[in-house]
Amino acid sequence: MCTNRCKRTNDFINVTDRTIHKFLDKVNSLADSPEESKAWLKTLQKGADDAHAEDTHKISAFMATALNALTGRLKPDPVIDSESRKNCGLKHDLCGLLLCPIELDWDDEDPQQCHNYEEGFELGPTARALYANFTGDPTNLDAGYLKSKLLLKLYKFIFTLPSSAKSVSLEESSDENAEPPSGSKRHCTSQSSSRAPAKKDVVVATMLNMNNQVTLQSIAYAAVQLLFALSSAERWGGDHEGLDFYDTYYHTVDHFEGDHNNLNGSKDLLKWWDSIQRPPAGLKEPKTATEQRAAQSQASQPTS
């Protein structure tokens, strides 16, 4: 019987083989060359770390802009520096509030207990930043989980186009199950947001062959990047200020496919996320390489 870890390993290999040309062929060719295999894997890991770092740099600036635009009770004081992360994390009231697990009350508890990672006050994957309206029910951790507009906004920034993220308002809503704005409303609010992608624009979801569907792994990645951006970590790493980013990733994935008591609710949640990945009105997905070659071949045929 294949465990969840085994299934994830198989899924990783399949996705990587689709993304990296002839990945499995390369792996098989190195089966009898341990030293060469080790060097190649080290190169792959460096590439992954560099990609994390690049995402982190862009996301930090994006998140600072988004959070500084908040008003009312969530207005950051002081404002979050988009060039430095030194005033983020637990030392900043807004970042600390959003990193605080919903099982704790940031306003009532002594923040120093969280600062010191005291037992019972540890940070974790149930951070308020991942919940609808940044609030949740400690007795029902599934309610509103992964329906944060801030998470949705960041997801669109990473996997679709940065311009599409602008359409996601962070204003609080009384309905945590409300559908995201429809494609026509999301992408036609301005001339810039409804335009076709420029050459330099890269739709990551298309590059990863996600076929207009949201994967649970992509949600988990966005969740990790969100919590990392709220932290004061200067560079990418596995944990910071008592928050384990790997644990957050696997906790999010397990929410969809692990030993979970509310699998129907998890399926509904994934459907809710899928609704944000519909192709924007008037915006065609970039053609695949096969489609481009077919179009070029047809264009080169002489007309009768």
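A nonpolar core is a set of buried Ala, Val, Leu, Ile, Met, Phe, Trp, Tyr and Cys residues joined through side-chain atoms within 4.5 Å. Buried means under 20% relative accessible area (1.4 Å probe, protein chains only). This is a predicted model: local features need pLDDT of at least 70, side-chain atom pairs count only at pLDDT 80 or more, and totals for chains, interfaces and linings use all residues. Residues are numbered from 1 along each chain as its sequence is written, and side-chain values use heavy atoms, with hydrogens and water left out.

View 1. Helices (H or I, at least four residues) and strands (E, at least two) are DSSP runs, numbered from the N terminus. Of the 304 residues, 39% are buried.

**View 2. The largest nonpolar core has 62 residues.** Met63, Leu230 and Trp273 touch the most other members. At least two residues each come from α3 (34-68), α4 (93-99), α6, α11, α12 (245-257) and α13 (263-274). Helix α11 gives the largest share, 12 residues.

**View 3. Leu230 has contacts beyond its sequence neighbours.** Contact means heavy atoms within 4.5 Å. With neighbours within four places in sequence set aside, Leu230 meets Met63, Leu67, Cys88, Gly89, Cys95, Leu98, Leu99 and Ala129.

**View 4. Helix α6 (residues 149-159) packs with helix α11 (residues 216-230).** The angle is about 110°, and the axes lie 9 Å apart. Axes are lines fitted to C-alpha atoms, for helices over the stretch in contact, and angles run from 0 to 180 degrees between N-to-C directions. The two helices are therefore roughly perpendicular, a term for angles of 65 to 115 degrees. From α6 come Leu150, Leu151, Leu154, Tyr155, Ile158 and Phe159. They meet Ser218, Ile219, Tyr221, Ala222, Ala223, Gln225 and Leu226 of α11. By class, the contact has 11 nonpolar, 2 polar and no charged residues. Here Ala, Val, Leu, Ile, Met, Phe, Trp, Tyr, Cys and Pro count as nonpolar, Asp, Glu, Lys and Arg as charged, and the others, Gly among them, as polar.

**View 5. Thr248 sits in helix α12.** Thr248 is buried, with a relative accessible area of 0%. Not counting residues up to four places away in sequence, Thr248 touches Pro125, Val224, Leu227 and Leu243.

**View 6. Ser164 belongs to helix α7 (residues 162-165).** Ser164 is buried, at 2% relative accessible area. Lys153 is 11 residues apart from Ser164 along the chain, and their C-alpha atoms are separated by 8.4 Å.

Definitions and conventions:
Parallel < 35°, antiparallel > 145°, perpendicular 65-115°, else oblique. Buried < 20%, exposed > 50% of the residue type's maximum accessible area, 1.4 Å probe, protein only.
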